[in-house]
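Please look at the sequence and the structure before reading on.

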Amino acid sequence: PKGVAVPHAAIVNQLLWKRHAFALGADDAVLLKTAATFDLSVWEYWSALVSGARLVIASADGHRDPSYLNQLMRDTGVTTLHVVPSMLDALLIESGGALSSSLRRVLAIGESLPAPLAQRARDGRQVVNLYGPTEATDIATLGVVEPGASITLGSALPGVAAYVLDRRLHPVPVGVAGELYLAGPALARGYHDRFELTAT
C-alpha cells in the first residue's frame, strides 16, 4: 500500500461531477461494502452523502459474500453499486444472472472489465467502466458500456487530461500503441513520506 496526498478539491470535484453525471438524488441508495483502507470507499461513502441518497452499509465482512450482498441489495433497494469486476462476476453467478431489480447503475473499477461480463450485467441497467489509479483521485476516465460494444476507457473526467504518448513523450496517432499519461488538478500531490517515489 502507498499513501498519496490528494487535495480535497480534487475529491470534491469528482463527487460533484458524479452526482451530476449519474443524476444521483434522494431516491437513490448507494451500497457501502468497501473497507475504508481501499480508495474506492471514498466514492461509496461520499457520493451518497453529497447527493442526499441513502447509504446502505454492509456488515464488516460482507464484502466477501456474494449471497449476502445480493440479498442486502434486494432487501434495501440499492440503486448504485461500485464493484470490482471479479466480485461483479461472483454476484452474477450467485444470483443466477439476475442482480437486484432496484440496481440502476453498476460502476466497475479496479480491474479490467471483460466485455462478456459487462454485457451480462447490463440487463436494462447502466454499466460503466471506470479507470484510474489512486494517484488520480481514484477515477480518471469513464466509458459507458453500450450493447454489443467493446469495452473502452472512454473519456477523461473533468480535472483530468489523458494522453497516449510514445517513449519520447510524443503523442501517438490514433490506433498506435503507447502509454497512458494523466495530468491536471485531479492528480495527487505526491506520495506520503516517499520523496524518492514522488520525484520519479
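Is Arg 104 buried, partly exposed or exposed? The model is predicted, and in it Arg 104 has a relative accessible area of 37%.

**Salt bridges**

The whole structure contains 6 salt bridges.

| Pair | Distance (N to O) |
|---|---|
| Arg 104 and Asp 27 | 3.5 Å |
| Arg 105 and Asp 28 | 3.0 Å |
| Asp 89 and Arg 120 | 3.1 Å |

The side chain of Arg 104 meets that of Asp 27 in a salt bridge. Arg 104 belongs to the loop between H4 and E4, and Asp 27 to the loop between helix H1 (8–21) and E1, so this pair ties together parts that are 77 residues apart in sequence. Asp 27 is exposed, at 54% relative accessibility.

A salt bridge also joins Arg 105 and Asp 28. This pair likewise links distant parts of the chain, 77 residues apart: Arg 105 is in strand E4, whereas Asp 28 is in the loop between H1 and E1. Here Arg 105 is buried, with a relative accessible area of 6%, and Asp 28 is buried at 0%. Asp 27, Asp 28, Arg 104 and Arg 105 are linked in a network of salt bridges.

In the pair Asp 89 and Arg 120, Asp 89 lies in helix H4 and Arg 120 in helix H5, so parts 31 residues apart in sequence are tied together. Both residues are partly exposed: Asp 89 has 27% relative accessibility, and Arg 120 has 39%.

In soluble globular proteins, nonpolar side chains tend to be buried together. The largest nonpolar core in this model has 24 residues, and Leu 31, Leu 88, Leu 91 and Leu 113 have the most contacts inside it. At least two residues of this core come from each of strand E1 (29–32), helix H3 (66–76), strand E3 (80–83), helix H4 (85–94), strand E4 (105–108) and helix H5 (115–122). The largest share, 4 residues, is supplied by H4.

Which residues does Leu 113 touch, leaving aside its neighbours within four places in sequence? Leu 113 is in contact with Pro 85, Leu 88, Ala 108, Ala 118, Val 127, Asn 129, Val 145 and Ile 151.

A second, separate core has 12 residues, among them Phe 22, Ile 139, Leu 142 and Leu 157.

Definitions and conventions:
Residues are numbered from 1 along each chain as its sequence is written. This is a predicted model: local features need pLDDT of at least 70, side-chain atom pairs count only at pLDDT 80 or more; totals for chains, interfaces and linings use all residues. Side-chain values use heavy atoms; hydrogens and water are left out. A nonpolar core is a set of buried Ala, Val, Leu, Ile, Met, Phe, Trp, Tyr and Cys residues joined through side-chain atoms within 4.5 Å. Buried means under 20% relative accessible area, exposed over 50%, partly exposed in between (1.4 Å probe, protein chains only). Contact means heavy atoms within 4.5 Å. A salt bridge is a side-chain nitrogen of Lys or Arg within 4 Å of a carboxyl oxygen of Asp or Glu.
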